[in-house]
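Reader: Hi! Could you walk me through this one? I'd like to start with the side chains and then move on to the fold.

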Amino acid sequence: MKTQLSFVFLLLLGKLVFGQYQVDSIPYLPAAIPDSSIMVFDNPYSDDKYSGEIDMGFDFCFYGTTYNKCVVGSNGIVSFHMEYANTICPYEIVHPIPSSLNPLNAILIPWEDIYNRIPKQVVYFTTGTAPNRKFVVSFDSIPMYECDSLIDGFQVVLFETTNVIETHIANKSVCPDWWGGMAIQGVQDKDGVNAQVVRDRNYPNQWTAQQEGWRFTPMKKECFTGLEETKLEVGLQVYPNPAFGSVNLETNRPLQEADLYLQDVYGREIVKVAGINGLHYKLKTELLVTGTYFLTLKEGHETVARSTLFIGK
């Protein structure tokens, strides 16, 4: 029996930019759950617990550090803080993020007090082929604690290479008589110093959601390329960024028959331009949808520069 005990953000182009992640609203498109998915908890009553260590199957960068394992908290949490493995998952939400008093190094899918009573309600799986695999944790049809008639479900998807995080919420309810119906949707670093939240979804707000998707895109280059730009041969400036209709690319040495590749956050090739020469190139972007893209310049088979491009409305 549980006993109830007595940020600053910047709005930019309809997106939330806060610290090291950009937060975007996206269509609700959860991953299909295969029969081969693995139960996170094998105990039918795995309430307020963290799992043991789970192998994700690939390297994933979160707040500048690379991990290949995580733990799952039964109250809607995925954390890279391995010390949480097989310990109690907190249900009391009494502080906003960022805070060292909240789950650290964590994705709050959302974090709320739900009551996992059936083993197959929380599952995980890795799907796809390198370098574009996805690690998925899904919470399916789980009642809220003290409000059994309210059924919630949601999913988090971690993308290899781009290190993008997506959350998809089928339904998120409010149980007002238990801990004030609090819930948080966002991410927080290992020290509880930096955090990114979906707007108005931090403590002490009550909120509901149905069939929503949210994307957290890392703003720092080492968090989506795996390489520091200084290790590459060519220095690259991209401006204006965000771009509206076109963007200028300038390099610190002339390109020689370079190929430009533009990928979306799913690793899909959206644009390819062949045979670029010189110090300057202007790329038209008016046909690109609003969002985040990853730009690569190659000479032959060698990658010489990388950057991130944001497309505004």
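Author: Happy to. This is a predicted model, and in it Tyr67 is buried, as is Phe80.

Reader: How do the rings of Tyr67 and Phe80 sit relative to one another?

Author: Their centres are 4.9 Å apart and the planes make an angle of 20 degrees, so this pair is stacked. Planes under 30 degrees apart count as stacked.

Reader: And where in the chain do those two come from?

Author: Tyr67 belongs to strand S6 (residues 65-73), while Phe80 is in the loop between strand S7 (77-79) and S8. They are 13 residues apart, and the pair links distant parts of the chain.

Reader: Which other rings join Tyr67 and Phe80 in a cluster?

Author: Tyr21, Phe60, Phe62 and Tyr63 are linked with them through ring pairs. Across the protein, the count of aromatic pairs comes to 14.

Reader: Nice. What about Phe139 and Phe154, what kind of pair do they form?

Author: A tilted one, with 5.1 Å from centre to centre and 35 degrees between the planes. Phe139 lies in strand S10 (residues 134-144) and Phe154 in strand S11 (residues 147-159), so their pairing ties together parts 15 residues apart in sequence. Both Phe139 and Phe154 are buried.

Reader: Charges over rings next. Which ring does the charged end of Lys172 sit over?

Author: That of Trp207, at 4.6 Å from the ring centre. There is also Lys298, which lies over the face of Tyr261, 5.5 Å from the centre of the ring.

Reader: Let's switch to Tyr50. Is it buried or exposed?

Author: Tyr50 has 4% relative accessibility, so it counts as buried; the cut-off for that is under 20%. Tyr50 is found in the loop between strand S4 (38-39) and S5.

Reader: What is Tyr50 in contact with, leaving aside its neighbours within four places in sequence?

Author: Its contacts include Phe41, Val71, Val72, Ile77, Tyr84, Cys89 and Pro90. The C-alpha atoms of Tyr50 and Pro90 are separated by 9.1 Å, and the two residues are 40 residues apart along the chain.

Reader: And Gln155, buried or exposed?

Author: Gln155 counts as buried, because its relative accessibility is 3%. This residue lies in strand S11. Not counting residues up to four places away in sequence, Gln155 touches Pro30, Ile109, Val136, Glu166 and His168, among others.

Reader: OK, zooming out. How many helices and strands does the protein have?

Author: Zero helices and 20 strands. Six strands form an open sheet, ordered S5-S6-S7-S8-S13-S14, and the pairing is antiparallel.

Reader: Why is one side of S5 and of S14 left without a neighbour in the sheet?

Author: Because strand S5 (54-62) and strand S14 (195-197) stand at the edges, where each has a single partner strand. From one strand to the next, the twist averages 25 degrees.

Reader: How many bridges pair S8 with S13?

Author: Four bridges, in the antiparallel sense, between strand S8 (residues 106-111) and strand S13 (residues 184-188). In that pairing Ala106 stands opposite Gln188 in S13.

Reader: Last one: what does the accessible surface of the protein come to?

Author: About 14,100 Å², with 51% of it belonging to carbon and sulfur atoms. As for burial, 53% of the 313 residues in the protein are buried.

Key:
Residues numbered from 1 in each chain as written. Predicted model: local features only at pLDDT ≥ 70, side-chain atom pairs only at ≥ 80, totals over all residues. Heavy atoms only, no water. Pairing = 2+ DSSP bridges. Axes fitted to C-alpha atoms, helices over the stretch in contact; angles between N-to-C directions. Buried < 20%, exposed > 50% of the residue type's maximum accessible area, 1.4 Å probe, protein only. Areas by Shrake-Rupley, 256 points an atom, 1.4 Å probe, with all protein chains shown as cover. Phe/Tyr/Trp six-rings, centres within 6.5 Å; stacked < 30°, edge-to-face > 60°. Lys NZ or Arg CZ within 6 Å of the ring centre and 35° of its normal. Contact = heavy atoms within 4.5 Å.
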